[in-house]
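Subject: Structure for your review

Dear colleague,

Please find below the structure that I am handing over to you.

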Amino acid sequence: MTDHEVLSEILFDDDVFYRIKSILKEATQAQDVYIVTPYVKLDTRTKDAFEEASEKNVRVTMLIRADADHPIDDINWLLRKRVILRKVDKLHAKIYLGTTGGLVASMNLHSFSGQESKEAGVYFRDEASLKKLQDRVNKWVSNSQEVDPVGATVKQQLQEKPKPQQGVATTKATMALTKGHCIRCGVAKTFNPAYPLCDECYREWAIYKNDAYKENFCHKCGKSHDTTVKYPLCKPCWSLAHK
Ligand SMILES: [Zn+2]
Ligand SMILES: [Zn+2]
């Protein structure tokens, strides 16, 4: 048996992280990568891997734990990179799943993991294990909820410079601002100009990723309007956001 035919591999510490990175690196256009990590904190090397995947139009779906405090900047950064971010109740498993291999590990996608903790993981390449992992991940995805962009006002989101503002998200004003619509089908979704499509429409859009493609609704008011992923707001909403 030659090396590349090995169907599973045990990994420790930083090698777990390098494998996660290679799962993102190996994926090509329109392929799916699933990252199941209850806790998330991004450092430069993790961000680089996401940037690269995003440039190649890889569809990254990330599942994080619902009842945890995630770093606001990282959440908004991932949403801007068009990572499909979903939250799952009671999530504790860590799974990294690409098209040619899957990793089940102790490691969260967290900047301290691997450097400050002792990690272990198993990487699989055999079809039966991959299918089993995919089935379970799909099940979690279908029971997950969209992650709201947090702590940023409309203006900050439009300027793509979200600032951490803990507590603000619960005020009435911000609540009203976080309601939006999918610019393709009009369904209600969280307001985030960097992410103006619902999950379903995003998947269609992601096939071509044309941010100048003509859509149907204003992302903020939901009224019929010629919008694009690049310019998702009608004129009145745009000027309101830029006041
Ligand atoms: Zn839609
Ligand atoms: Zn509008």
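How many bridges join strand β5 to β10, and do these strands run parallel or antiparallel? Two bridges join them, and β5 (residues 84-88) and β10 run antiparallel. One facing pair can be named here: Lys 87 stands opposite Gln 145 of β10. Please note that this is a predicted model.

The sheet

These two strands belong to an open sheet of eight strands, whose order is β1-β9-β7-β6-β2-β4-β5-β10. The pairing within this sheet is mixed. At its edges are β1 (8-12) and β10 (145-146), each of which pairs on one side only. Helix α1 packs on the sheet and touches β1, β2 (32-36), β6 (95-97), β7 (102-105) and β9. The direction of α1 makes about 125° with that of β1. In the protein as a whole there are eight helices and 14 strands.

Of the 243 residues of the protein, 35% count as buried. The largest nonpolar core has 37 residues, and Val 33, Met 62 and Leu 85 have the most contacts inside it. Helix α1 (residues 14-26) gives the most to this core, contributing five residues. Leaving aside residues up to four places away in sequence, Met 62 touches Ile 35, Thr 37, Leu 78, Val 83, Ile 84 and Leu 85. As a general point, nonpolar side chains tend to be buried together in soluble globular proteins.

Contacts across the sequence

Among contacts in the protein with a separation of 6 or more, 63% are between residues 24 or more positions apart. Lys 118 and Phe 12 are 106 residues apart in sequence, yet their C-alpha atoms are 7.4 Å apart in space. Lys 118 lies in the loop between β8 (109-110) and β9 (120-124). Is Lys 118 buried or exposed? Lys 118 counts as exposed because 10 other C-beta atoms lie within 10 Å, and the cut-off for an exposed residue is 12 or fewer.

The hairpin of β13 and β14

Strand β13 (residues 215-217) and strand β14 (residues 224-227) run antiparallel and are joined by two bridges. Glu 215 stands opposite Thr 227 in β14. Six residues lie between the strands of this hairpin, in which Gly 222 takes a positive phi near 80°.

Yours sincerely

Methods: Residues are numbered from 1 along each chain as its sequence is written. Chains are lettered from A and ligands numbered from 1 in the order in which they are written. This is a predicted model: local features need pLDDT of at least 70, side-chain atom pairs count only at pLDDT 80 or more; totals for chains, interfaces and linings use all residues. Helices (H or I, at least four residues) and strands (E, at least two) are DSSP runs, numbered from the N terminus. A residue is buried if 20 or more other C-beta atoms lie within 10 Å of its own, exposed if 12 or fewer, and partly exposed in between; C-beta atoms are placed from the backbone. Two residues are in contact if their C-beta atoms, placed from the backbone, lie within 7 Å. A nonpolar core is a set of buried Ala, Val, Leu, Ile, Met, Phe, Trp, Tyr and Cys residues joined through C-beta atoms within 7 Å. Two strands pair if DSSP finds at least two bridges between them. Axes are lines fitted to C-alpha atoms, for helices over the stretch in contact, and angles run from 0 to 180 degrees between N-to-C directions.
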